[in-house]
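Here is a short briefing on one protein chain. Look at the model first, then read the points below.

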Amino acid sequence: MREKNIPPLLSNGEISEKLDIPLQKLEEAYCKGIIKYYKEHGVKALQFRKSLKHIESGTMVTLGDEMEVIRGFPKIRRTLMLYPALEKHFQDEIAVEEKMNGYNVRIAQVDGHIVAFTRGGYICPYTSRKATEILDLDQFFQDHPKMVICGEMVGTLNPYVSHCYPEIGKLGFRIFDLREKLTNTPLPIIAKRKLLLDYGLEPVRLLGIFPIKEAPEKIMEIVRELGVNDREGVVMKDPQMQLEPLKYTSSQAQDSELEYALSYPFDLAQAFLFSRIIREGFQAYEMGESSDELRERALRMGESIIYPMLNTIHRVKEGEVAAEDLIIEVDSEEEAQEFIRHLRDLKVMATLAEFKDGKAVIRRIHQSTTDKINNYLQGGLY
Ligand code: ATP
Ligand code: MG
């Protein structure tokens with residue numbers, strides 16, 4: 001009975017061999033929902049909803065004319081203390097790239113079409129359209145069909161993580177990795193940058209390559225400066241890309257995430273709060289700040305907790321729904337509706353609030369926040 005639902009392609013051994021995972025494990029994973037059959041926007045694939053052995057969550061096995069594996073983007077772990085974590089983790093030198101605050105996109109050529117996958121392995125129609133508008137990728141994929149371009153979609157007209165970068169404006173794409181489809185092997189830092197330059201494609205900023213002894217101090221200074229300019233932080237990488245990268249973020253980045261989470265306290269805050277507070281504690285310790293600097297940090301952090309929450313309570317009291325408006329540029333109302341359907345597939349509740357002059361306002365509703373605040377305002381007990 002059980003086997004009946006398993007797509008025959010999963011059971012014919014080819015995928016098992018390619019991924020180096022026993023057939024039985026794959027079938028079990030399919031039955032448990034770890035692997036799902038995916039068919040959207042002209043692509044048929046097996047989608048890894050969670051990781052399975054060495055295969056990352058977000059991996060897609062596309063089932064078109066040619067079967068191909070597009071691996072998920074690996075999770076990047078975080079340092080809380082630059083010293084001694086960097087010294088323990090890296091060898092000789094550390095390449096420091098800017099960490100851009102947007103959303104992760106993998107772009108690959110699938111059956112001759114250029115497709116953009118978001119983190120979980122979903123094809124986002126908006127992202128796919130914009131990626132090909134922003135970037136001229138034909139020549140690159142003609143020459144390198146087995147590569148995956150990994151980068152961050154950034155800017156203000158960004159439906160997932162809207163952040164203002166003066167050099168980007170509405171929407172832009174910055175590339176941080178070039179990886180091989182099946183193996184997920186990344187190119188070394190310098191080779192990656194050279195290849196991107198050859199094709200006129202824009203990489204993230206490389207902020208320096210430092211000997212390991214100097215790195216913590218240099219990076220702390222870089223991150224402090226990034227923070228002051230409202231920028232997120234850094235990803236530290238082995239120049240050869242043989243070791244796992246690590247990330248480290250600015251105090252201001254922590255605060256802006258707190259601000260966002262506390263705007264929708266009953267939908268987001270629990271998942272966000274603890275880790276951001278811990279990051280601040282260790283950064284304050286390592287930066288060895290003066291009492292004035294420390295007070296400034298404490299104040300900023302407190303403000304990013306209290307004000308947004310208070311603002312939302314007021315709004316709900318006035319009868320509003322706790323919702324955030326995302327703006328995207330689309331050619332038609334149908335394109336906006338298509339994007340909303342995509343969000344619904346991701347279990348995000350959203351409606352089209354307005355469509356005018358090529359801009360769609362998508363309203364993302366935070367229901368628990370709305371309901372709970374209403375309840376407490378009416379005397380409900382916590
Ligand atoms: P995860 O660590 O699983 O990716 P997350 O969604 O919390 O979880 P972030 O904290 O934003 O992600 O950090 C990792 C992400 O940072 C990457 O997935 C990538 O999208 C983004 N990123 C931005 N700039 C870079 C860069 N220069 N190198 C690598 N990743 C970068
Ligand atoms: Mg991010």
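Lys146 is partly exposed, with a relative accessible area of 42%. Here buried means under 20% relative accessible area, exposed means over 50%, and partly exposed lies in between (1.4 Å probe, protein chains only). The model is predicted: local features need pLDDT of at least 70, side-chain atom pairs count only at pLDDT 80 or more, and totals for chains, interfaces and linings use all residues. Residues are numbered from 1 along each chain as its sequence is written, chains are lettered from A and ligands numbered from 1 in the order in which they are written, and side-chain values use heavy atoms, with hydrogens and water left out.

**Lys146**
- Lys146 sits in the loop that runs between helix 6 (138-143) and strand 9 (147-154). Helices (H or I, at least four residues) and strands (E, at least two) are DSSP runs, numbered from the N terminus.
- Leaving out residues up to four places away in sequence, Lys146 touches Glu66, Glu68, Arg179, Glu180 and Lys181. Contact means heavy atoms within 4.5 Å.
- Glu180 is 34 residues from Lys146 along the chain, and their C-alpha atoms are separated by 6.0 Å.

**Arg300**
- Arg300 belongs to helix 11.
- Is Arg300 buried or exposed? Arg300 is buried, at a relative accessible area of 19%.
- Setting aside neighbours within four places in sequence, the contacts of Arg300 are Ser251, Gln252 and Asp255.
- Ser256 lies 44 residues from Arg300 along the chain, with 9.8 Å between the C-alpha atoms.

**Helix packing**
- Two packed helices are described by the angle between their axes and the distance between the axes. Axes are lines fitted to C-alpha atoms, for helices over the stretch in contact, and angles run from 0 to 180 degrees between N-to-C directions.
- Angles under 35 degrees count as roughly parallel, over 145 as roughly antiparallel, 65 to 115 as roughly perpendicular and the rest as oblique.

**Helix 11 with helix 13**
- Helix 11 (residues 291-317) packs on helix 13 (residues 367-377) at about 75°, with axes 10 Å apart. The two helices are therefore roughly perpendicular to each other.
- Thr312, Ile313, Val316 and Lys317 of helix 11 meet Thr369, Thr370, Ile373, Asn374 and Leu377 of helix 13.
- This contact has four nonpolar, four polar and one charged residues. Ala, Val, Leu, Ile, Met, Phe, Trp, Tyr, Cys and Pro count as nonpolar, Asp, Glu, Lys and Arg as charged, and the others, Gly among them, as polar.

**Helix 4 with helix 8**
- Helix 4 (residues 82-89) and helix 8 (residues 215-228) pack at about 125°, and their axes are 9 Å apart. That makes helix 4 oblique to helix 8.
- Leu82, Tyr83 and Leu86 of helix 4 make the contact with Ala215, Pro216, Ile219 and Met220 of helix 8.
- The residues of this contact are seven nonpolar, no polar and no charged.

**Helix 5 with helix 12**
- The axes of helix 5 (residues 125-134) and helix 12 (residues 333-345) come within 8 Å and cross at roughly 125°. Helix 5 and helix 12 are therefore oblique to each other.
- Pro125, Tyr126 and Arg129 of helix 5 meet Glu335, Glu338, Phe339 and His342 of helix 12.
- By class, that contact has three nonpolar, one polar and three charged residues.

**Whole chain**
- The protein chain has 13 helices and 16 strands.
- Of its 382 residues, 49% count as buried.
- Among contacts with a separation of 6 or more, 63% join residues 24 or more positions apart.
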